[in-house]
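Open the model in your viewer and get ready to select residues by number. We will go step by step.

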Amino acid sequence: KSGPVVAIDGPSGAGKSTVSKTLATAIDSAYLDTGSMYRAATLAVLKAGVDPTQTALVTKTVKNAKLEFGTTPEDPFTRVDGEDADLAIRGDDVTKAVSAVAGNKTVRKFLIEEQRRIIKEAKGGIVVEGRDIVEVVAPDADVKVYLTADPVERAKRRAAEMGVDEQSTKQDIERRDSADSKTTKPLEAPVGAVVIDSTTLPIVEVVAKILALLSNRD
Ligand code: C5P
């Protein structure tokens, strides 16, 4: 039998990436950050000089780009057209444009197919983080989690992570949550998911809770 599929959804700044990578390392499974995939697609669009709202052009550009994703939790690299893109996909330009690209239906269909292929190929199990993993990408996942935290705490963490100020980060998170709400439901717990609020919980305790869910599942 293949290893478990763990789906982790939640809004930005809830701690998904740290929790997912730590968990994947602990259970020796693969790791997939679907947010990086939308970010990589967005970088390809910006590099091509295409307006992110130009549906047909965006679709064509994303399909023609060579997007590569590392799935080991120790080195989850992202490459766009053969170039290392880890830094660029976290930049301001990509963060501002990503909701528009992620709202493109054809781009989503294309990336979701790719996500399902990666999950299927991960024989040793995989931790998948995103916004629509529980409801759309992997509804058959062995463990489904909605990870959240209060908005002030989320802004604090993002600001510390990026080395920027808290107020502008809070506005940025609110803007992105609201733009994303047209496509996914980042602020709603999906049906069937276990809700974990990480506002006052240390990472290790969040990971311990998910490990407990994994060992209690059968
Ligand atoms: O998680 P992260 O902040 O890196 O995600 C970047 C963006 O990618 C989100 O703001 C959202 O627009 C999009 N996204 C998505 N569906 C996912 C993961 C991310 O639409 N499963």
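The tour below starts at the ligand, moves to one residue beside it, and ends on a helix.

**Before you click**

This is a predicted model, so local features need pLDDT of at least 70, side-chain atom pairs count only at pLDDT 80 or more, and totals for chains, interfaces and linings use all residues. Residues are numbered from 1 along each chain as its sequence is written, and side-chain values use heavy atoms, with hydrogens and water left out.

**Stop 1**

Pick Arg39: a polar atom of its side chain is 2.7 Å from a ligand oxygen. Pick Asp180: an N or O atom of its side chain lies 2.6 Å from an oxygen atom of the ligand. Taken alone, the ligand exposes 460 Å², and the protein buries 98% of that. These areas come from the Shrake-Rupley method with a 1.4 Å probe.

**Stop 1: Thr34**

Select Thr34, in helix H2. A polar atom of the Thr34 side chain sits 3.1 Å from a ligand nitrogen. The Thr34 side chain also reaches the backbone oxygen of Glu129, at 2.6 Å. Is Thr34 buried or exposed? Thr34 counts as buried because its relative accessibility is 2%. Buried means under 20% relative accessible area, exposed over 50%, and partly exposed in between (1.4 Å probe, protein chains only).

Show contacts next (heavy atoms within 4.5 Å). Leaving out residues up to four places away in sequence, Thr34 touches Gln115, Val128, Glu129, Gly130 and Ile133.

**Stop 2: helix H4**

Select residues 92–102, helix H4. Its buried residues include Val94, Ala97 and Val101. The buried residues of H4 pack against helices H2, H3, H5 and H8.

Finish on Lys96, also in H4. Lys96 counts as exposed because its relative accessibility is 54%. Its C-alpha atom is 9.7 Å from that of Thr42, 54 residues apart along the chain.

Note on methods
Helices (H or I, at least four residues) and strands (E, at least two) are DSSP runs, numbered from the N terminus. A polar contact is a pair of N or O atoms within 3.5 Å; within protein, one must be able to donate a hydrogen and the other to accept it, and residues adjacent in sequence count only if both atoms are side-chain atoms.
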